[in-house]
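Have a go at each task before you read its solution.

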Amino acid sequence: MKMIVGLGNIGQKYDGTRHNVGFATVDAFAKQYNADFGSSKYEAQVASFNLNGEKIVLVKPSTYMNESGRAVRPLMDFYKIDVSDILIVNDDLDLEVGRIRLRQKGSAGGHNGLKSIIAHTGTQEFKRIKIGIDHPDKVSVVDWVLTKFSKNQEKALGDAINTATLATEDWLETDDFMNTMNKYNHK
């Protein structure tokens, strides 16, 4: 069993914002596999499907970004999923729109959603796909992550989400994240 967690903020006013690219990615993945999200008692929307005989759980925490770990840890415990079988999809200020970067582990790098997951799981040893949202020039980071993408950026964002879903599929099919990193970190 594997769990893919997209990070974001719940509520219509956050749809399409930079901070919600994790949600957008798991939504795209769910659509591809006809998996419908439903509420769970663990502060998250959850969908699941089977791929090659393995159950895949998709998660969108409903705790808001900064408390994502409050949803991730209880779901790990409920499904008895080891941290090595979790993939987090999140936004990254240090990557330009349209770029993704896969990481096997690492610090939160200032990302509050990742900080929360690290605090609740007790480890930095979880896989992640970071999707670029650009760094603001003259706007505060707090305001920037809650802005929507420009029309010029929407195609690049769509390409990044598509690449992130392909990379996720590659990992699910091969169970070799290092190989997936080598394939997709160069695109």
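**Exercise 1. Are W171 and F177 buried or exposed, and how do their rings pair?**

Step 1: Start with accessibility, where buried means under 20% relative accessible area, exposed means over 50%, and partly exposed lies in between (1.4 Å probe, protein chains only). W171 and F177 are both buried.

Step 2: Turn to the rings. Those of Phe, Tyr and Trp (its six-membered ring) pair if their centres lie within 6.5 Å; planes under 30 degrees apart are stacked, over 60 edge-to-face, and the rest tilted. For W171 and F177 the centres are 6.1 Å apart with 90° between the planes, an edge-to-face pair.

Step 3: Look for a charge over the ring, which requires NZ of Lys or CZ of Arg within 6 Å of the ring centre and within 35 degrees of the ring normal. K2 sits over the face of W171, 5.5 Å from the ring centre. K60 does likewise over F23, at 5.6 Å from the ring centre.

A note on the model: it is predicted, so local features need pLDDT of at least 70 and side-chain atom pairs count only at pLDDT 80 or more, while totals for chains, interfaces and linings use all residues. Residues are numbered from 1 along each chain as its sequence is written, and side-chain values use heavy atoms, leaving out hydrogens and water.

**Exercise 2. How many aromatic pairs are there, and why is the pair of Y42 and F78 tilted?**

Step 1: The ring rule gives 7 aromatic pairs.

Step 2: Y42 and F78 have ring centres 5.3 Å apart and planes at 40°, so they count as tilted.

Step 3: Find both partners, using helices (H or I, at least four residues) and strands (E, at least two) as DSSP runs numbered from the N terminus. Y42 is in the loop between β2 (38-40) and β3 (44-51), and F78 is in helix α2, 36 residues apart. F78 is partly exposed, at 44% relative accessibility.

Step 4: Ring pairs also join F29, Y33 and F49 into a cluster.

**Exercise 3. Which residues touch the most other members of the largest nonpolar core?**

Step 1: A nonpolar core is a set of buried Ala, Val, Leu, Ile, Met, Phe, Trp, Tyr and Cys residues joined through side-chain atoms within 4.5 Å.

Step 2: The largest one has 31 residues, and I4, L58, L102, I129 and I131 touch the most other members. Helix α5 (151-174) is among the elements that each supply at least two residues, and its 7 residues are the largest share.

Step 3: Take L58 as an example, with contact meaning heavy atoms within 4.5 Å. Beyond four places in sequence, its contacts include I4, V26, F29 and F49.

Step 4: A separate second core of 22 residues includes A44, V72, L75 and I86.

**Exercise 4. Where does Y14 lie, and is Y14 buried or exposed?**

Step 1: Y14 is in the loop between β1 (2-6) and α1 (21-32).

Step 2: Y14 has a relative accessible area of 15%, so Y14 is buried.

Step 3: Not counting residues up to four places away in sequence, Y14 touches N9, N20, Y64 and L146.

Step 4: Compare Y64, found in the loop between β4 (54-61) and α2 (69-79). Its relative accessible area is 41%, so Y64 is partly exposed.
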